[in-house]
Amino acid sequence: MDLDRSCLDLMIRLLELDQDQGSTVVVDSAVQLSAREIAKMKEKIRKLCDTVHNKHLDLQNITTGHLAMETLLSLTSKRAGDWFKEELRLLGGLDHIVDKVKECVDNLNREDDKEKLVSSLWGAERCLRVLESVTVHNPENQSYLIAYKDSSLIVSSAKALRRCEQMIQRYSREMSSDWAAVGKAVEDCMRAIIGVLLNLTHDNEWGSTKTGEQEDLIVTALNCVLKVPQYLPQEQRFDVRVLLFLQRERAAVLAEAQTDDLIKEAPKASLDQSGEWQEEGGEIQWVANDNEANKQDDGKKKEKDDEDEELDLNKALQHAGKHMEDSIVASYTALLLGCLCQGSPMNVTTVRENLPKGDFSIMTEMLKKFLNFMNLTCDVGTTGQKSISRIIDYLEHC
């Protein structure tokens with residue numbers, strides 16, 4: 001189904017209609033539906049809903065607003081062109097989605113009912129995904145959402161992040177499989193929250209100020225960096241978006257990309273038996289064997305050697321990928337510490353006391369390497385590169 005302005009307008013009008021009339025069925029004044037007819041109509045709708053395989057549909061809550069919101073979220077998650085981003089704001093769609101976020105977040109305290117808790121987490125995450133999509137490179141939507149109802153979205157996001165940071169420790173999939181569904185929902189919701197906050201604070205002093213005003217948000221974010229990873233599955237622990245949010249720079253988008261994709265797409269090596277792949281200092285090198293003459297004629301032996309070589313290459317790539325992850329995290333950590341040191345002699349002293357030999361060079365060297373890497377992969381002169389250059393210059397004069 002293609003989504004156009006008329007469809008979007010209809011969905012939003014249905015949302016507004018449902019809010020005005022509650023859960024009652026609105027019909028022409030000349031037509032009166034009996035309870036039996038209404039039940040029959042709802043049963044037809046349930047059967048139709050069964051055919052779309054939407055796990056988020058509550059078939060026991062068939063109302064105009066519920067169906068309209070589910071349709072809106074399902075369609076908008078994949079259709080966020082420039083025209084749509086603007087129309088969603090002008091027609092009032094953003095208002096309904098932000099209100100839905102607040103409703104879901106307010107229900108996160110009800111941990112006695114696991115199904116309702118997961119439903120609230122899912123609901124908040126889906127709405128936040130749409131809001132993240134429509135605020136990317138869209139200052140108008142960013143400003144609108146920051147202002148809407150006294151920064152309601154930022155307040156709800158900060159509250160949700162705080163609740164998720166607390167819940168991830170209790171419902172970690174790493175600790176217990178009994179709460180796997182809750183743990184997965186908490187993880188997904190946290191990522192969606194951070195994505196929205198990143199967009200609202202990117203190069204936006206107003207958004208950054210409003211976000212920074214939220215109660216305990218900086219402490220919560222630091223806990224997400226320092227404590228939360230131990231409760232996440234191993235493959236998800238490399239995610240530096242929280243660090244990006246803390247220092248409010250978004251230019252190095254590549255830091256959000258997992259290096260797993262590079263590993264999966266690595267070219268298959270030719271089956272050369274003259275040496276082996278080895279990883280050293282984050283670099284992959286081909287090391288020749290001392291004796292190439294001793295080749296095995298046995299077919300099974302050759303096949304095993306081929307498999308071993310491929311394993312060696314994959315192992316080397318994995319080591320290099322891990323080295324890249326560590327380097328990116330180290331770079332953003334250095335950048336964050338540099339930001340904290342600016343204008344604060346006390347912070348400079350504290351950081352210096354915890355560095356090897358009290359020397360900032362270990363930080364500046366890491367940042368210079370990262371800056372060179374960004375210059376090769378990003379447009380020169382972006383906000384992130386300027387920030388890194390500024391911090392390097394500051395640390396070199398400390």
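**Entry 1: salt bridges**

I started with the charged side chains and counted 12 salt bridges in this structure. The model is a predicted one, so I kept that in mind while reading off distances, with a cut-off of 4 Å from a Lys or Arg nitrogen to an Asp or Glu carboxyl oxygen.

I looked up Asp9 and Arg13, whose side chains meet in a salt bridge at 3.9 Å, N to O. That value is within the 4 Å of the cut-off. Both residues sit in helix α1, which covers residues 5–21. They are 4 residues apart, about one turn of the helix. I then checked how open the two ends are. Asp9 has 23% relative accessibility and counts as partly exposed, while Arg13 is exposed at 53%.

My next stop was Asp99, which meets Lys149 in a salt bridge of 3.2 Å, N to O. Asp99 belongs to helix α5 (residues 93–106), and Lys149 to the loop between α7 (139–147) and α8 (152–170), so this pair ties together parts that are 50 residues apart in sequence. Is Lys149 buried or exposed? I found 51% relative accessibility for Lys149, so it counts as exposed. Asp99, at 22%, counts as partly exposed.

Which residues are linked in a network here? I noted Lys102, Asp106 and Lys159, linked by salt bridges.

**Entry 2: aromatic pairs**

I moved on to the rings, and the count came to 3 aromatic pairs. One of them is Tyr144 with Tyr148, a stacked pair with 6.1 Å centre to centre and 20° between the planes. The label follows because planes under 30 degrees apart count as stacked. The two partners have their own accessibility classes: Tyr144 is partly exposed, with a relative accessible area of 28%, and Tyr148 is buried, with 12%.

I then looked at Tyr332 and Phe370, whose ring centres are 5.3 Å apart. Their planes stand at 70°, so I put the pair down as edge-to-face. Tyr332 lies in helix α14 (residues 299–341) and Phe370 in helix α16, 38 residues apart, so to speak a link between distant parts of the chain. I also checked accessibility for this pair, and both Tyr332 and Phe370 are buried.

**Entry 3: helix α16**

Which residues of α16 are buried? I listed Met363, Thr364, Leu367, Phe370, Leu371 and Met374. They cover an arc of only 130° around the axis, which puts them on the same side of α16. Turning to the other side of α16, I found Lys369 and Leu376 exposed. Phe370, my way into this helix, is thus on the buried list and is also the partner of Tyr332 in the edge-to-face pair.

Key
Residues are numbered from 1 along each chain as its sequence is written. This is a predicted model: local features need pLDDT of at least 70, side-chain atom pairs count only at pLDDT 80 or more; totals for chains, interfaces and linings use all residues. Side-chain values use heavy atoms; hydrogens and water are left out. Buried means under 20% relative accessible area, exposed over 50%, partly exposed in between (1.4 Å probe, protein chains only). Helices (H or I, at least four residues) and strands (E, at least two) are DSSP runs, numbered from the N terminus. The arc is that of the directions from the helix axis to the C-beta atoms. Rings of Phe, Tyr and Trp (its six-membered ring) pair if their centres lie within 6.5 Å; planes under 30 degrees apart count as stacked, over 60 as edge-to-face and the rest as tilted.
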